[in-house]
2 protein chains.
Amino acid sequence: MTSIKTVAQQAQVSIATVSRVLNGTKYVSPDVEKRVLEAISALNYQPNAPARNLRRQQTLSVGVLLPRLNDFFFSDLAYVLEKTLSAAGYNALFCSTENEEEKEAAIVNNLIMHRVDAVILVPSVPVQKSLATVNRLLERSIPVVLVDRGMPGFAVSQVLSNNEQGAYDATAYLLDLGHRYIGVIDSGTGTAKLAAEPGHERMKGIQRAMRERGIALDNSLVIFDQFENIEMGYHGTLRLLTEHPHISAIFALTDAIAVGVLRAASELGWRVPHDLSVSGFDDLILASHVIPRLTTVAQPVQALGEKATELLLRQIHDPETSPETVMLDTRLVIRESTAPPRSP
Amino acid sequence: MTSIKTVAQQAQVSIATVSRVLNGTKYVSPDVEKRVLEAISALNYQPNAPARNLRRQQTLSVGVLLPRLNDFFFSDLAYVLEKTLSAAGYNALFCSTENEEEKEAAIVNNLIMHRVDAVILVPSVPVQKSLATVNRLLERSIPVVLVDRGMPGFAVSQVLSNNEQGAYDATAYLLDLGHRYIGVIDSGTGTAKLAAEPGHERMKGIQRAMRERGIALDNSLVIFDQFENIEMGYHGTLRLLTEHPHISAIFALTDAIAVGVLRAASELGWRVPHDLSVSGFDDLILASHVIPRLTTVAQPVQALGEKATELLLRQIHDPETSPETVMLDTRLVIRESTAPPRSP
DNA sequence: GGCAAACAGGAAAACGTTTACCCCACTGTA
DNA sequence: TACAGTGGGGTAAACGTTTTCCTGTTTGCC
């Protein structure tokens with residue numbers, strides 16, 4: 001493949017000069033520059049990134065670790081991250097961690113070998129699983145930004161949605177509609193929850209809303225399962241509605257889960273919102289297109305991505321910057337899947 | 001950052017030896033190997049991929065260009081490609097082309113600079129837009145595999161679903177149920193279609209099914225729009241059902257579109273499948289969870305990804321291999337969204 | 001015991017850049 | 001006219017590997 005040397009010969013200059021016009025590093029006279037540019041396009045020359053990265057000791061690329069590339073929410077996140085990162089001149093290297101410790105570790109090893117300039121990580125749940133990973137990066141002083149799932153008190157930049165408040169809002173809304181028996185289908189994996197994990201924070205918000213209104217949360221109405229996403233909502237709802245027929249509302253901690261809820265309700269002959277109110281979380285595009293349109297808590301995905309990139313750049317440019325945790329507001333979006341309970 | 005040189009010093013050997021134990025390139029005696037391994041783990045050494053790639057003249061990474069990372073179908077494809085490629089020892093570099101010529105070209109330039117070993121491309125539509133791109137790669141003898149959207153007669157490997165047959169099956173099924181007025185909502189961008197583009201192939205399948213049964217396709221029942229996905233299905237259906245109330249079935253050329261169809265039908269008070277049959281295409285997980293469960297044509301996403309990787313590897317290992325086009329079978333999945341028309 | 005062959009490991013070149021350093025030929029000033 | 005300063009461009013080192021070639025030691029065989 002044609003290298004900078006070929007270009008230099010063709011343009012009758014030294015390779016240093018070629019490099020200079022390539023990078024605008026130093027003034028070169030117009031005629032020489034012209035010769036070089038002509039040679040470049042004549043030879044169809046493309047610089048060799050590995051060589052450049054080796055010499056520059058930077059790759060202009062950042063690793064992005066998500067639980068799954070085809071998850072509704074995370075693929076949206078991936079999309080905006082790709083946009084914001086590339087706008088900043090960085091390449092995004094997307095990887096699926098599958099929420100598995102070992103896979104995450106392996107990927108991070110790989111990213112370290114590739115000398116990424118930074119890493120954006122959605123930690124695995126529970127977040128301790130990702131602690132070692134994050135430390136490996138930090139001890140090599142590779143900037144890290146956590147997204148969506150946080151590690152409270154840990155010296156690393158984090159950008160999170162205000163899951164507690166979001167869940168509070170949705171719960172308060174349901175309660176104020178008159179619902180007293182609210183089923184909850186959890187997005188977690190069923191393991192012990194920690195602070196700053198969305199599942200845990202959302203549960204906290206739910207509890208706060210109920211406590212404030214003097215209502216006790218019936219733990220038997222809180223469900224999680226081994227299923228994934230939609231399936232979890234589906235099976236969870238089948239269980240909830242048959243075992244607790246007095247339930248009048250279900251809070252699905254994810255829109256994907258809510259899709260499963262709607263389906264199960266329909267199969268059991270419960271009409272939404274007439275017999276059962278349903279709220280989701282995330283506000284995927286899908287949420288406003290299911291039947292009925294889903295009441296949900298909107299996450300600021302775009303802002304999440306922008307903020308993450310911003311913190312990342314700051315850390316890259318000034319390694320001394322102290323880590324920062326930013327929390328972004330959610331927004332309750334009321335649509336058609338919620339209504340007052342039938343028999344108050 | 002600690003390099004191979006440091007390891008060599010620490011282990012009291014030459015860097016060549018370190019390299020050898022790293023790559024298992026040549027026998028090294030057990031005690032020396034032990035010293036090296038100890039030094040490696042003591043120093044927490046990770047090889048420098050840019051340097052390695054520069055020297056080896058290969059990067060073990062392949063570019064994967066998809067229209068959008070957060071599209072339902074393409075994110076599924078991305079997911080399986082990541083799996084199959086990484087199983088083969090390759091890194092996947094995912095990029096969104098946005099179905100735009102210029103963006104695609106820019107991305108490919110970038111991938112060339114990074115010296116990817118190969119490229120998997122879902123061409124933009126219409127596929128001529130991607131011709132230059134593909135040629136740029138081929139003239140640098142970078143293996144290319146086209147997925148989902150083909151370029152018939154072009155000397156490049158391609159792996160496609162049998163869209164024509166799939167659409168034929170679904171249409172035949174609808175016709176045999178007794179439907180005569182079938183609306184079609186196209187997945188294309190509204191531009192002129194070409195052979196091997198899914199939109200075009202599916203239309204051909206529809207036409208064949210109707211022709212075989214002596215029925216003429218009413219072109220005014222075929223719709224495409226500027227909207228994206230779900231929105232297109234939604235707006236398209238609103239138009240179709242109000243302008244052509246005698247329609248008894250809609251074939252959405254994508255499951256995402258079908259979601260929009262269901263929503264529009266519901267808003268207009270058409271019950272599915274009682275008043276309107278709906279078929280999708282793709283068989284996303286979502287398809288079996290919307291209400292009613294969607295009749296659709298299953299695409300072999302998994303096989304698509306596996307086959308693409310297979311062809312890719314073959315080309316990488318033997319550059320002389322002649323390109324190959326493989327077409328994978330689809331499968332009609334009958335669920336609840338289709339039924340005989342009300343008044344035959 | 002001597003010699004060829006095999007064997008383990010080292011020295012150094014090469015991959016394609018960027019950049020520090022150097023040099024030559026001007027220009028402008030005293 | 002001489003000389004310092006500057007501007008344009010070249011030389012070569014360095015980035016961290018892999019790999020070819022070479023060397024010195026050991027082995028095996030007669």
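Predicted model: local features only at pLDDT ≥ 70, side-chain atom pairs only at ≥ 80, totals over all residues.

User: Happy to start with a single residue. Why is Pro323(A) called partly exposed?

Analyst: Pro323(A) has 16 other C-beta atoms within 10 Å. A buried residue needs 20 or more, and an exposed one has 12 or fewer. The count of 16 falls in between, so Pro323(A) is called partly exposed.

User: Where is Pro323(A) found, and what does Pro323(A) touch?

Analyst: Pro323(A) sits in the loop between helix H12 (301-317) and strand E11 (325-328) of chain A. Leaving out residues up to four places away in sequence, Pro323(A) touches Ala155(A), Val156(A) and Ser157(A). Leu312(A) is 11 residues apart from Pro323(A) along the chain, and their C-alpha atoms are separated by 9.8 Å.

User: How does the radius of gyration of chain A compare with that of a compact globule?

Analyst: For 344 residues, a compact globule would have a radius of gyration near 20 Å, whereas chain A has 25 Å. Along the principal axes, the C-alpha atoms of chain A fill a box of roughly 90 × 40 × 30 Å. As for burial, 52% of the 344 residues of chain A count as buried. Among contacts with a separation of 6 or more in chain A, 73% are between residues 24 or more positions apart. The secondary structure of chain A comes to 12 helices and 12 strands.

User: What makes E7 and E9 edge strands in chain A?

Analyst: The open sheet has 4 strands in the order E7-E6-E8-E9 (chain A), with parallel pairing. Strand E7 (222-223) and strand E9 (277-279) of chain A each pair on one side only, and these are the edge strands.

User: Let's move to chain B. How do you know that E4(B) and E5(B) pair?

Analyst: Strand E4 (residues 144-147) and strand E5 (residues 157-161) of chain B are joined by 3 bridges, and a pair needs at least two, so they count as paired, in the parallel sense. Val147(B) has Val159(B) in E5(B) as its bridge partner. E4(B) also pairs with strand E3 (residues 118-121) of chain B, in the parallel sense over 3 bridges. There, Leu121(B) has Leu146(B) in E4(B) as its bridge partner.

User: Which sheet do these strands belong to, and which way do the residues of E4(B) point?

Analyst: They belong to an open sheet of 6 strands, in the order E2-E1-E3-E4-E5-E11 (chain B), with parallel pairing. Its edge strands are strand E2 (91-96) and strand E11 (325-328) of chain B, which each pair on one side only. From one strand to the next, the twist averages 15 degrees. In E4(B), Val144(B) and Leu146(B) point one way, Val145(B) and Val147(B) point the other way, and all are buried. In a regular strand, side chains alternate between the two faces of the sheet.

User: Which residues come nearest to DNA strand C, and which to DNA strand D?

Analyst: Around DNA strand C there are 28 residues, of which Ile4(A), Ala16(A), Ser19(A), Asn48(A) and Ala51(A) come nearest. H2(A) gives the most to that surface, with 6 residues. Around DNA strand D there are 28 residues, and Ala16(A), Ile4(B), Ala16(B), Ser19(B) and Asn48(B) come nearest. H2(B) gives the most there, with 6 residues. The surface near DNA strand D divides into 15 nonpolar, 8 polar and 5 charged residues.

User: And how many residues does each chain give to the contact between them?

Analyst: Chain A gives 35 residues and chain B gives 35 residues. On the side of chain A that touches chain B, 18 are nonpolar, 12 polar and 5 charged.

Key. Residues numbered from 1 in each chain as written. Chains lettered and ligands numbered in written order. Near = placed C-beta within 6 Å. Nonpolar A, V, L, I, M, F, W, Y, C, P; charged D, E, K, R; others polar. Rg over C-alpha atoms; globule rule 2.2 N^0.38 Å. Contact = placed C-beta atoms within 7 Å. Axes fitted to C-alpha atoms, helices over the stretch in contact; angles between N-to-C directions.
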